[in-house]
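The following note sets out several points for a colleague who is examining this model.

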Amino acid sequence: MTPDPAARDLLPLLEAQNSTISFGSFGYDDAFALGSALMARATAEGLVVTVSIVFGEQRVFHAARPGTSADNDDWLARKFRVVNRFNAPSYLIGTRARATGSNFHESTGLSPALYMAHGGAFPLRVNGSLIGVAGVSGLPQRDDHDLVVWALEAAMAAA
C-alpha cells in the first residue's frame, strides 16, 4: 500500500484527542448520560447509528436507531477490541496504518473477523487508566469518530 498523505495530516488531531480526552471519574450514571446525549443527537439529526458503552466486559449502555442491524453490534465489538488491545481510539490506529501505507491486519496479524481499526470507538479513561470504551457504528468512520469525540468533549466540559 502507498502511504496516505491525508491520513498523515490527520494524525496530529487524532493524537491530541487521544492524549487529552480523560476523566477524573466516570461511572454508570456518566455512561448513561453520555449514551443518552449521543442518542439524542442521533435522533434529532436522523442518524442511523448504534451506540454502545462498556466498562471492561460489561455493557453499561446500548441503544440502536431504526435502520441499524446486528451488523452494527458486530462492528462495535471489533472496534472495541482494537481500543482495548492498543489503548487508543480505533480511528487513530487505522489512520496510523494508512499514514504509513501498511495494512492493519497484515501488519498486526489480527483477524478482520475480530478486529477492525475503523473510526467510532474511543477509550474511556479515568486518571489515565483505561476503564471502558464508548462507540458509535452506522456512519462513515470519520463521522462515527467525530460523533463520539463530540459527546466525550461535552461530557468533559460538563464535569
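1. A residue is termed buried here when its relative accessible area is under 20%, exposed when that area is over 50%, and partly exposed in between. The structure is a predicted model. By this criterion, the buried residues of helix H4 (90-100) are Ser 90, Tyr 91, Leu 92, Ile 93, Gly 94, Thr 95, Ala 97 and Ala 99. Eight of the 11 residues of H4 are therefore buried, and the helix is largely enclosed by the rest of the structure.

2. The strands form an open sheet of four members in the order E2-E1-E4-E3, with antiparallel pairing. E2 and E3 are the edge strands, each pairing on one side only. On average, neighbouring strands of this sheet are turned by 15° against each other, direction ignored.

3. The pairing of E1 with E4 is antiparallel and extends over six bridges. Thr 50 stands opposite Ser 137 in E4. Phe 55, in turn, faces Gly 132 of E4.

4. E3 and E4 also run antiparallel and are joined by six bridges. Val 126 has Ser 129 in E4 as its bridge partner. The two strands form a hairpin with two residues between them, and Asn 127 lies in the turn.

5. H3 lies across E1, E2, E3 and E4, and runs at about 150° to E4. Helix H6 (residues 141-158) lies across E3 and E4, with an angle of about 130° to E4.

6. Most residues other than glycine have a negative phi. Asn 127, although not a glycine, has a positive phi of about 50°. This residue is found in the loop between strand E3 (121-126) and strand E4 (129-137). With a relative accessibility of 62%, Asn 127 counts as exposed, because the cut-off for that class is over 50%.

7. Where does Asn 87 lie? It is in the loop between helix H3 (70-86) and helix H4 (90-100). Asn 87 also has a positive phi of about 50° although it is not a glycine. Its relative accessible area is 33%, so Asn 87 is classed as partly exposed.

8. The largest pocket contains about 290 Å³ of space. Strand E1 (50-55), strand E2 (58-64) and H3 are the elements that give two or more residues to its lining. H3 gives the most, with six residues. The lining of this pocket consists of Ser 52, Val 54, Gly 56, Glu 57, Arg 59, His 62, Asp 73, Leu 76, Ala 77, Phe 80, Arg 81 and Asn 84.

9. How do the residues lining the largest pocket divide by class? There are four nonpolar, four polar and four charged residues in the lining of the largest pocket. The charged class includes Asp and Arg, and Asp 73 and Arg 81 are among the lining residues.

10. The second largest pocket has a volume of about 150 Å³. Its lining is made up of Met 1, Gly 94, Ala 97, Arg 98, Ser 102, Asn 103, Phe 104, His 105, Met 116, Ala 117, His 118 and Gln 141. H4 and helix H5 (104-108) each supply at least two residues of this lining, and H4 gives the most, with three residues. By class, the lining of the second largest pocket holds five nonpolar residues, six polar residues and one charged residue.

11. Finally, H4 may be viewed in relation to the second largest pocket. Gly 94 and Ala 97 are among the buried residues of H4, and both Gly 94 and Ala 97 also belong to the lining of the second largest pocket.

Key: Residues numbered from 1 in each chain as written. Predicted model: local features only at pLDDT ≥ 70, side-chain atom pairs only at ≥ 80, totals over all residues. Heavy atoms only, no water. Buried < 20%, exposed > 50% of the residue type's maximum accessible area, 1.4 Å probe, protein only. 1 Å grid on protein atoms, 1.4 Å probe; cavity = no way out; pocket = protein on both sides within 12 Å on 5 of 7 lines; lining within 4 Å. Points joined across faces, edges and corners; volume = space filled by probe spheres on them. Pairing = 2+ DSSP bridges. Axes fitted to C-alpha atoms, helices over the stretch in contact; angles between N-to-C directions. Contact = heavy atoms within 4.5 Å.
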